[in-house]
Amino acid sequence: MLLGYNTNGFAHHRLEDALHILADLGYSSVAITLDYHALNPFDPDLSRQCERIGDLLAQLRLRCVIETGARFLLDPRRKHQPTLLGASEKERERRSDFLRRSIEIAQILNADAVSFWSGTPSEPAPENECWSRLVDGCRRLCDAAAKRDVRLAFEPEPGMFIDTMAKFEELHHRVNHPQFGLTLDVGHLHCQGELPIAEHIHRWKDRLWNLHLEDMRRGVHDHLMFGEGEIDFVGVLAALDDIGYTGAVHVELSRHSHDAVDTARRALAFLKAVR
């Protein structure tokens, strides 16, 4: 497996600087969270930016995935809105357009996957309507991704419509598309008591296309530095070795951007020590 880091943990750095730092530290992959300062998919100069970042990734020998969890990129007043569950077609199309642009970027950068989640509806809606909106949106995105040979890795997220592995399994069954796989966040599993973690790793080994790592405590969705929570990372990494996982595990510590370089350094040292 490759050890990687999510650029949402370098929120105060230029993307190019973050890539250089992560490569210098010894990381082999990067999860690029698209945002205003990091490959903004709505920038009219995007093609040139993608070419520049693609060249830099190759120079630094970094693999990548594309992450789509920017908090206020689509709406400066509402965190993570709009989503594929939006009450209006206009809202849903705004998110879909963003995700299609993300797929285009992933193709240019030869990314391992595009990672995304369900979000929440902008207004209360019946559960069956939420399922219908989400499944339809995911299928359309899968068709768009298939045309560009890009994989989609869906992440169950606490507090969102698809929050647990059971609901992800239902979504996976309903979408039923070869481009549709999983982003597994180890901390989320522990937070929600979906244990043992190794069982989920083995269960989804053929669709596990992206993985997030951070420490966490049971019942509290707070991304912590390794050693500050309760997760057995020796067991987690052993399970990934057992399934022959060759993708990247990306450290996700977005709230540590104020100390990004030292946090990334300490995270890598921890992971190397427990491998």
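These legends describe close-up views of a predicted model.

**View 1. Helix 2 and its length.** Helix 2 covers residues 46-60. Its 15 residues, at 1.5 Å a residue, should span 21 Å. The end C-alpha atoms lie 21 Å apart, which agrees. Arg61 follows helix 2, and its phi is positive, near 60°.

**View 2. The buried face of helix 2.** Leu46, Gln49, Cys50, Ile53, Leu56, Leu57 and Leu60 are the buried residues of this helix. Seen down the axis of helix 2, they fall within an arc of 130°, so they line one face. Their packing partners are helix 1 (15-25), strand 2 (29-33), strand 3 (63-67) and helix 3.

**View 3. The opposite face of helix 2.** Turned away from the buried side is a face with the exposed residues Ser47, Glu51, Asp55, Ala58 and Gln59.

**View 4. Arg95, a buried arginine in helix 3.** Arg95 sits in helix 3, residues 89-109. Arg95 is buried but has no salt bridge. The nearest side chain of opposite charge is Asp75, 9.2 Å away. A salt bridge needs the charged atoms within 4 Å. Neighbours within four places in sequence aside, Arg95 contacts Thr68, Leu74, His80, Gln81, Pro82, Thr83, Leu84 and Trp117.

View 5. The structure holds 0 disulfides. Cys138 is in none; its nearest cysteine sulfur belongs to Cys142, 6.4 Å away. The cut-off for a disulfide is 2.5 Å between sulfur atoms. Cys138 is buried, with a relative accessible area of 0%. Cys191 is also buried, at 8% relative accessible area.

Notes:
Residues are numbered from 1 along each chain as its sequence is written. This is a predicted model: local features need pLDDT of at least 70, side-chain atom pairs count only at pLDDT 80 or more; totals for chains, interfaces and linings use all residues. Side-chain values use heavy atoms; hydrogens and water are left out. Helices (H or I, at least four residues) and strands (E, at least two) are DSSP runs, numbered from the N terminus. Buried means under 20% relative accessible area, exposed over 50%, partly exposed in between (1.4 Å probe, protein chains only). Lys and Arg count as positive and Asp and Glu as negative; His and the chain ends are not counted. Contact means heavy atoms within 4.5 Å. The expected span of a helix is 1.5 Å times one less than its number of residues. The arc is that of the directions from the helix axis to the C-beta atoms.
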